[in-house]
Amino acid sequence: MANPKENVLMEKIVSLCKRRGFVFQSSEIYGGINGFWDYGPLGAELKRNVKELWWQAMTRQREDVVGLEATIIMAPQVWRASGHVDTFADLMRECPLTRKRVRADQVEPQSGVVVSYAGADEHLAARWRALSDKKQADPLKFSKIDQAELDQLQKEISPRMAAGIAHGQLKLQASKTTGSEQELWGEIAENYPNLRPVRDVEPISVFIKDAGNIERARKSAKEFYRQRGLIVPQLIGEQVSEVKDSINFHPESGLELTPARPFNLMLQTWVGPIQSDENVAYLRPETAQAIFAQFKNVHETSRQKLPFGIAQVGKAFRNEVTPRNFTFRSREFEQMELEFFIKPDEAVEAIQGAVNVEPVTGHPGEPQANWGWQKWHQYWVEERVRFYEGVGLSRDTLGFHEQTPEELAHYARATTDILYKFPFSKADETGNVKGDELEGIAARSDFDLSQHERFSGKSMGVFDEELRTAWTKLPPEKQTELSQRYFAARLNYLTKSGVPAEAAEKDARADADGLAKGQYIPHVIEPSAGVDRLILALIASAYTEVTDTDAKGKPETRVILKFHPRVAPIKVAVLPLLKNRPELVAKAREVFQVLRGEMSAYYDDGGSIGRRYARQDEAGTPYCITIDFDTLGEKPELLNTVTLRHRDDGRQERLAISELCEWIRARIR
Ligand code: GAP
């Protein structure tokens with residue numbers, strides 16, 4: 001479990017986000033919609049900054065990465081080729097009563113009492129009575145199906161029941177109290193042994209905290225049988241037992257969960273006026289596939305040579321079973337993804353003589369021509385960590401998870417997840433908090449482009465002149481060795497993708513022959529980050545409480561969001577010392593106009609200067625500028641200077657207005 005104190009922190013963060021306009025629940029006025037969040041004025045700025053910084057770092061500051069902005073809805077074949085239609089699913093279990101789903105791997109263990117039933121009976125007489133009551137209560141709502149059943153029951157039981165009533169043997173109070181129900185069934189069974197009950201033999205178990213809650217279990221079980229068609233169910237075979245750390249019961253309803261079943265996470269829609277199966281389309285569950293689908297166009301038009309990357313930022317949609325932890329797992333979210341295409345190791349070896357596999361810890365340095373997939377993978381992990389440090393997440397707040405062979409997709413060679421220690425992140429048995437995923441960096445081999453080549457019938461390969469030339473100079477035994485290795489890798493991919501053995505062999509041979517002519521399908525390293533998770537990490541990391549004493553000596557706790565100036569939604573606030581002095585206001589507006597042209601600036605003249613500072617601290621504004629009488633020349637040597645206050649320590653310094661812009665710009669770049 002996460003530390004309860006830290007969940008209090010999470011609550012404070014959620015409340016601050018709403019109070020200050022970072023994040024609101026989507027459609028809040030209608031009660032919200034689970035898994036969807038809106039960013040308010042401060043959140044929108046913060047998000048823009050994050051995406052802009054990522055774009056800068058990943059494309060504009062690099063010569064080897066270009067950008068893409070693709071559509072959210074693509075041809076459905078894209079998702080068949082990528083494997084999402086068949087395999088993008090979570091294993092889920094369902095409450096058989098409420099139909100609420102939980103991810104099979106996320107059910108919290110529960111200890112207590114389990115009440116089990118072998119099934120339920122319903123006496124025909126009770127059913128007849130319940131249907132009659134229903135008809136009497138609202139004849140207009142009484143359906144034809146109900147009427148047909150009532151007629152049938154009437155035929156079967158009516159003469160005998162009428163006789164029973166006439167003899168005063170039956171008090172048909174079936175739907176009133178449990179006591180009278182019990183009495184009634186006993187009486188009916190005794191007097192009318194031929195009237196068999198309807199029996200539902202589906203067993204059901206209900207978890208309750210302790211035996212004192214047994215009525216709750218009975219109520220839920222009856223509701224369960226009612227949903228299955230009985231109108232007045234009589235539970236049979238009640239058994240009570242103890243259970244420890246069971247993950248078989250729904251956390252809310254307590255009913256035993258259904259067996260785990262895969263549930264596809266893609267959200268569907270229809271394209272065009274006809275809502276038919278042929279027109280089904282998907283809202284993309286990741287931005288990456290558009291990059292693969294457009295690989296050829298981008299490669300040709302950007303005149304990039306391998307290794308190079310294509311970056312994209314945009315919305316993704318997943319029908320998450322259990323959206324949770326605020327924006328951490330949402331159904332609509334944004335991704336920042338890079339597909340970095342590299343040469344297969346066999347090509348690198350052919351050109352460079354050997355692939356550099358020397359182990360180094362940390363960043364492997366500037367890219368080198370003899371890097372294979374391992375070095376490139378390490379490089380991107382370290383580049384991404386540098387990025388996170390650059391936006392204010394220190395290394396000690398991050399964690400790492402190397403996916404185990406069982407966790408890895410069959411085509412992936414390695415995946416490193418960069419984690420952040422969120423307030424809700426759980427500690428392991430040793431008390432160590434590893435964190436939750438912020439970004440995954442995957443070495444995905446040539447799987448994605450190969451899939452699109454097979455499904456579209458369009459070549460996704462590239463021609464590498466350097467390789468073609470190098471190959472001709474290789475000794476024959478090296479050619480054979482590399483060719484065999486490449487053949488084996490391609491055969492493995494084709495076989496695992498279900499290509500029949502003979503065809504797979506033939507295609508893999510053709511691919512190996514292609515390598516000798518300088519042709520191959522690029523491999524890819526994929527750093528894939530979530531914008532919303534990063535925003536949440538930045539807010540959690542910036543959240544700081546300080547306790548000041550007010551004028552009367554009373555302690556007062558307030559919040560400072562210590563954002564890195566690069567990501568801060570507002571970079572600078574301009575505050576005239578007094579609102580009622582036109583000369584101060586005029587000067588402050590003048591300074592504000594200059595600054596807002598260059599960065600996100602805010603003008604505030606409401607309330608005491610202390611209150612205004614506190615408001616900006618809570619918004620995470622790193623610098624506040626006060627225009628006072630010295631600015632206007634009360635002390636001539638301070639003419640046209642302002643007081644600049646630092647958010648994190650309240651430190652103040654005097655700066656000339658003329659140098660303000662550059663001073664701040666240098667700190668937010
Ligand atoms: N193309 C690879 C891919 O999409 P992923 O691990 O499924 O990989 C990448 O997603 C990143 O997207 C995650 O590390 C996370 O930051 C973000 N992400 C994924 N699902 C999310 C969700 N439901 N809500 C918010 N962010 C999510």
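1. Glu337 and the ligand. In this predicted model, a polar side-chain atom of Glu337 sits 2.5 Å from a ligand nitrogen atom. A polar contact here is a pair of N or O atoms within 3.5 Å. Ser330 uses a backbone N or O atom, 2.8 Å from a nitrogen atom of the ligand. For Glu320, an N or O atom in the side chain lies 2.8 Å from a ligand nitrogen atom. The ligand taken alone exposes 550 Å², and the protein buries 88% of that (Shrake-Rupley method, 1.4 Å probe).

2. The shell. The ligand is surrounded by 19 residues (a heavy atom within 4 Å). Glu286, Arg318, Ser330, Glu337 and Glu437 are the closest. By class, the shell holds nine charged, five polar and five nonpolar residues. Asp, Glu, Lys and Arg count as charged; Ala, Val, Leu, Ile, Met, Phe, Trp, Tyr, Cys and Pro as nonpolar; the others, Gly among them, as polar.

3. Helix packing. Helix H13 (residues 447-456) packs on helix H15 (residues 476-496) at about 60°, with axes 12 Å apart. Helices are DSSP runs of H or I, at least four residues. Axes are lines fitted to C-alpha atoms over the stretch in contact, and angles run from 0 to 180 degrees between N-to-C directions. H13 and H15 are therefore oblique to each other (under 35 degrees is roughly parallel, over 145 roughly antiparallel, 65 to 115 roughly perpendicular, the rest oblique).

4. Basis. Residues are numbered from 1 along each chain as its sequence is written, and side-chain values use heavy atoms, without hydrogens and water. As the model is predicted, local features need pLDDT of at least 70 and side-chain atom pairs pLDDT 80 or more, while totals for chains, interfaces and linings use all residues.

Terms used
Polar contact = N/O pair within 3.5 Å; in protein donor to acceptor, adjacent residues only side chain to side chain. Helix = DSSP H or I, 4+ residues; strand = E, 2+ residues; numbered from the N terminus.
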